[in-house]
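Thanks for asking me to look over this one with you. Have the sequence and the picture side by side while you read.

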Amino acid sequence: NTAVVAAMAVAGAMLLLWLFLWRPVHDLARARHFAVKMVNGHGEQLPEGDGPMEVMELTRALNQASQIISRQMHQLDDNLKQMTAHQQQLAIQNDQLGAIFTLSRDGLLTVGRDGMVQFVNHAFMALCQIAPDEVIGRSLTDVAARIKAQARDPEAFKGLQSDESWTLQLNGPVPRVLSFHAQTSDSASV
């Protein structure tokens, strides 16, 4: 008899405990599920209801966090769109500048901070009668030596880094007179 009464008392206590804890456990499971989904950034909100103070505070905190994440996701999306538009604009401008430099009748040459030639247009190669592999990736000193070797008066060669404008007559089947002017940049890359 005592065992039956004890078993019924334990079963009754378990039922009362389950009834008492069911709502908070359910609310916590719902909050956990919501928190897992919250990272999608849609700003969804948990409905606030009656319940223990801890559950209500957790619901408010999750709702605030969801709003913050939603705002941040929208801001990131806007920033990404702006960056993509800027990248596209820079690519177009880069293509335009490349076409200007490439198609210019003036000989143009760019040198990096390391002193190596990064770009040379066709006009420069034609005027100096230098092949692309003799210029691109070579040092400015090496390119200058190739031009100086063609000069009618090598002593008149002032170098490619001279800040003043000057002319040089080159030997060849058709003598050429080149006018040089170096321009420096404060750019970190050129």
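Below are my numbered points, going from the whole chain down to single residues.

1. **Ground rules.** This is a predicted model, in which local features need pLDDT of at least 70, side-chain atom pairs count only at pLDDT 80 or more, and totals for chains, interfaces and linings use all residues. Residues are numbered from 1 along each chain as its sequence is written, and side-chain values use heavy atoms, with hydrogens and water left out.

2. **The parts list.** The protein chain has four helices and four strands. Helices (H or I, at least four residues) and strands (E, at least two) are DSSP runs, numbered from the N terminus.

3. **Overall shape.** The radius of gyration of the protein chain is 38 Å, well over the 16 Å from the globule rule for 190 residues, so the chain is more spread out than a compact globule. (That radius is taken over C-alpha atoms, and the rule is 2.2 Å times the number of residues to the power 0.38.) Along the principal axes, the C-alpha atoms of the protein chain fill a box of roughly 125 × 30 × 25 Å. Of the 190 residues, 22% count as buried; buried means under 20% relative accessible area, exposed means over 50%, and partly exposed is in between, using a 1.4 Å probe and protein chains only.

4. **Who talks to whom.** Take the contacts between residues at least 6 apart in sequence: 27% of them join residues at least 24 apart. Contact here means heavy atoms within 4.5 Å.

5. **The first two helices.** How do you describe a packed pair? Two packed helices are described by the angle between their axes and the distance between the axes. The axes of H1 (residues 2-37) and H2 (residues 53-103) come within 11 Å and cross at roughly 10 degrees. That makes H1 roughly parallel to H2. Axes are lines fitted to C-alpha atoms, for helices over the stretch in contact, and angles run from 0 to 180 degrees between N-to-C directions. Under 35 degrees counts as roughly parallel, over 145 as roughly antiparallel, 65 to 115 as roughly perpendicular and the rest as oblique.

6. **What sits between them.** From H1, Asp-27, Leu-28, Ala-31, Phe-34 and Ala-35 meet Val-55, Leu-58, Leu-62, Asn-63 and Ser-66 of H2. Sorted by class, this contact has seven nonpolar, two polar and one charged residues. For the classes, Ala, Val, Leu, Ile, Met, Phe, Trp, Tyr, Cys and Pro are nonpolar, Asp, Glu, Lys and Arg are charged, and the others, Gly among them, are polar.

7. **The main core.** The largest nonpolar core has 20 residues, and those with the most contacts inside it are Val-143, Ile-147, Phe-157, Leu-160, Leu-168 and Phe-180. A nonpolar core is a set of buried Ala, Val, Leu, Ile, Met, Phe, Trp, Tyr and Cys residues joined through side-chain atoms within 4.5 Å. At least two residues each come from E2 (117-120), H3 (122-128), H4 (140-150), E3 (166-170) and E4 (176-180). H4 gives the largest share, four residues. Leaving aside neighbours within four places in sequence, Leu-160 is in contact with Leu-109, Leu-140, Val-143, Ala-144, Ile-147, Phe-180 and Ala-182.

8. **The second core.** A separate core of five residues includes Ala-31, Met-38, Leu-46 and Leu-62. Is Met-38 buried or exposed? Met-38 is buried, at 11% relative accessible area, and lies in the loop between H1 and H2. Not counting residues up to four places away, Met-38 touches Leu-62, Ala-65, Ser-66 and Ile-69.

9. Leu-109 is in E1 (residues 109-111) and is partly exposed at 25%. Phe-119 is found in E2 and is partly exposed at 26%. Beyond four places in sequence, the residues that Phe-119 touches are Phe-101, Thr-102, Leu-108, Leu-109, Thr-110 and Ile-136.

10. **One backbone angle to check.** Most residues other than glycine have a negative phi. Where does that leave Gln-129? Its phi is near 50 degrees, a positive value in a residue other than glycine. Gln-129 is in the loop between H3 and H4 and, at 46% relative accessibility, counts as partly exposed.
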